[in-house]
Amino acid sequence: MTHDVMMATDSSVTSCACKGIRRCLQCDILKGKGQLEANELTPVHQFLYDPETRLAVGEDAEAASFPFPGVFLQENFITEEEEKQLISTMDQDVWNESQSGRRKQDFGPKVNFKKRKVRVGGFSGLPALSQKLVLRMQQEPSLAGFQPVEQCNLDYHPQRGSAIDPHRDDSWLWGERLVTLNMLSNTTLTMSLEQGLPELGLAEEVHVALRLPRRSLVVLYGEARHRWKHAIHRDDVQERRVCSTYRELSAVFLPGGQRAELGAQLLNISLSFEGTPV
């Protein structure tokens, strides 16, 4: 197991898993800097999310604030000791190279989103340590009835130029709520809307910075889940950061849905909490 721990913590990179437009620091060294980030080329309206008022507050004094629904943020969702135990356990498993300088561990079914195919594959459930975390999540009103069927652990490090590009998560298989536990360092989740908000006089792209403290839990749902894209920019990874994202099933895979039988099978496996990374 010593070898696996070394793989988890060694930040040196000799190759990467980036494809297409994805890039990391290793890409920059091997292939040159390439194109500038899109937000370096086009004007962007910058806002900061205030979790107390649930408003996006303009960084420019002249910019008006506006409601930003679909976010639940809880600080100190886990203790320092729990964080230490979770990371230690993750680092005993192999971290697989992923795109944009990330490493990952997947606990979930085998999915082809383009062909809309899903099968059990090697899925054996969520990891054991997640059981008490899921029970804790379900105590939150915004997470009532939350039954995750997938957990993805991602490892970010500044020496790899780790990031994740703006995207919206699939909504054919994954349900309404995306739940992420942020560990080891603070970061910023950048919400973006390319078409702007013309109704507020914001014709260019709009960014809302959502600050994620270490050991916090964030839930995206509603507009934040389906209308806005979310990203972690390279500049917002200052230290090693590990996150666990939990996803629930869509209505298609729940009782009454077209794929309810498969959904029930996946949930039975997931909630056994006997899983190892696939």
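## Salt bridges in this model

A salt bridge here is a side-chain nitrogen of Lys or Arg within 4 Å of a carboxyl oxygen of Asp or Glu. Keep in mind as you look around that this is a predicted model. With that rule, the count is 16 salt bridges.

## Asp155 and its partners

Let's start with Asp155, which pairs with Arg160: their closest N and O atoms are 3.7 Å apart, and that counts as a salt bridge because the cut-off is 4 Å. How accessible are these two residues? Asp155 is buried, at 0% relative accessibility, and Arg160 is buried at 4%, because buried means under 20% relative accessible area.

Asp155 also forms a salt bridge with Arg240, where the closest N and O atoms are 3.0 Å apart. Asp155 sits in strand E9 (residues 148-156), while Arg240 belongs to the loop between strand E15 (229-232) and strand E16 (241-249), so this pair ties together parts that are 85 residues apart in sequence. Like Asp155, Arg240 is buried.

## Glu97 and Arg103

Next, have a look at Glu97 and Arg103, whose side chains meet in a salt bridge with an N to O distance of 3.3 Å. Is each of them buried or partly exposed? Glu97 is partly exposed, with 39% relative accessibility, whereas Arg103 is buried, its relative accessible area being 4%.

## A network of four residues

Finally, there is a network of salt bridges to trace: it links Glu80, Glu83, Arg214 and Arg215.

Notes. Residues are numbered from 1 along each chain as its sequence is written. This is a predicted model: local features need pLDDT of at least 70, side-chain atom pairs count only at pLDDT 80 or more; totals for chains, interfaces and linings use all residues. Side-chain values use heavy atoms; hydrogens and water are left out. Buried means under 20% relative accessible area, exposed over 50%, partly exposed in between (1.4 Å probe, protein chains only). Helices (H or I, at least four residues) and strands (E, at least two) are DSSP runs, numbered from the N terminus.
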